[in-house]
Amino acid sequence: MVAHLLRLKVALLRNSLKRSPWQLVGLIFAALYGLGVLGMLLVGLGFAGSTGDAELVGMVIILAGSALLVGWLVIPVLASGLDMTLDPARFVTYSIPMKQLLAGLALSSFIGVPGAVTLVAAMGTAVGWWRYPAAAVAPLICGALGALTCIIASRAITAASTSLASSRRFKDVSGIVVLVPLMLMGPIIAGVSTGISDFSVYLPQLANTLSWTPLGAVWAVPADIAIGAWGPAGLKLLIALGTVAVLTWIWQACLAKALVTPAFSGGGRRAAGKLGFFALFPQTPTGAVAARCLTYWFRDPRYSAGLLIAPLIPLVMVFGGTQTAGLEAVGPILSYGGAFAAFMVAWSISADISYDNTAFALHLATGVSGKADRTGRVMAAAVLALPLGLLFAVAGSVVAGDWQILPAALGMLMGAAGAGLGLASVFSSRFTMVVPLPGESPMKSKPGNNFSTLIIQLAGFGGAGLLAVPVIVLIIIGAVTQLALFAWLALAAGVGLGALYVFLGIRFGAKQYNNRGPELLQTVSVHR
């Protein structure tokens, strides 16, 4: 049965690559990236091993291995519902013994770029011990055990989250919330680094502490063997084996419960007579589309994730800018960063039809015109994007104590938001992307499908940058000459060009929509 599960994983992966050439291209790029990282890691370990300093090599491997295990623990929480080719839920109707199911799922995780790279990198730590014959075999065994620990830990926390939080909405919200510290990881790391005065003392102490925990015990065994500390090596090996045993027990218990407990995604019903956003928009096809889309922005986690991330972008930009330009740059960065945040929200509708999936058939069946569809989606995104950008523009002026930057910031906001809305209206009626299905986690992805999406996103960002050049040029001239006239010209240009971009985007997008509606429905239906 275990061998059958492995063959099934290979067959599913092979068939998914045959379905779309973009999947194969994406897998090739992912494999090349993984090989590049793996090569640099092994070369670095080889150089570290050439120094003959066992403590240095051990510290590096313990810290890197602990970070790797943390990554395998965090990613499933962040990407709750992350696509697993062999989803355990698909085996509910089959009488597969639990032990064989666990073994098959664990080993099948190594069939793929992340699992394979993890296994090779973990066992490749033996390169760092080439000058220590006594520790030549231990890194291979401990590396394989460490890679298996990563896989089982990932599976266990995924099963635990499914079991303990059967509400899909709870899982989606918890996954989105994890994005906040990840977005602010740079400032957090910089703050911690500032508080640590001497890394040469801190890092060895950290590695020594981690070596006695489930995170680093398995990686510390070869280091202790290399220096002849057989007693601590044995104890840490017991900690590593105990960690695998406990994680396997948690995985088995939670998976057994998840296989017989259906996921619950319900919520309270809306009281009668309360129409929500539909009561705020006109009773026209355009108004109906706008109200529906705006409802999705607040009720669908795939949209809500973007609303959470967008306001964090200017804050991250402020942190980066102050590192080079000082605190006086906070105000301008906030003001102009709001334009980028607004653009991110506006550009999100480039995947609107892809997010609709088969529900897009309602637009075609009810005869919603391309103009009504494009205009309604633009209205919903603009209601969110423009106030967000305006808030940062005003906040930046207040922080800077200079209201002369407000007109230029507003011009940048209108130009960027208009470019995003216009381009998204065209792109979403021409291209579809493989996105999480309705009801799935916003972080779910499928192997190889991200490459075509990346190309579309890069094209959209590049196009928006070109469209915003006139406003940017006026802002730069105004900053150099210190003439307020150019700030007001930037505002006029931003409003005029932004409105033009939206008008042209809706017009051309509506034309494509009317011509390609059935093809769009067919494409998004295939992605189920």
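Student: Which helices each supply at least two residues of the lining of the largest cavity?
Tutor: Helix H6 (138-164) and helix H11 (217-226) do. A helix here is a DSSP run of H or I with at least four residues, numbered from the N terminus. This is a predicted model, where local features need pLDDT of at least 70 and side-chain atom pairs count only at pLDDT 80 or more, while totals for chains, interfaces and linings use all residues. Residues are numbered from 1 along each chain as its sequence is written, and side-chain values use heavy atoms, leaving out hydrogens and water.

Student: How much space lies in the largest cavity?
Tutor: About 40 Å³. A cavity is a set of points on a 1 Å grid over the protein atoms alone where a 1.4 Å probe fits but cannot get out, and lining residues have an atom within 4 Å of a point. The volume is the space filled by probe spheres set on the points, which are joined across faces, edges and corners.

Student: Which residues line the largest cavity?
Tutor: Among them are Ile61, Trp129, Cys142 and Trp219.

Student: New topic: is Ser335 buried or exposed?
Tutor: Ser335 is buried, at a relative accessible area of 1%; buried means under 20%, with a 1.4 Å probe and protein chains only. Ser335 sits in helix H16 (residues 330-347).

Student: What is Ser335 in contact with, leaving aside neighbours within four places in sequence?
Tutor: Phe392, Ala393, Gly396, Ser397, Ile405 and Ala409, where contact means heavy atoms within 4.5 Å.

Student: And how many residues of H20 are buried?
Tutor: 21 of the 23, so H20 is largely enclosed by the rest of the structure.

Definitions and conventions: On a 1 Å grid over the protein atoms alone, a cavity is a set of points where a 1.4 Å probe fits but cannot get out, and a pocket is an open set with protein on both sides within 12 Å along at least five of seven lines; lining residues have an atom within 4 Å of a point. Buried means under 20% relative accessible area, exposed over 50%, partly exposed in between (1.4 Å probe, protein chains only).
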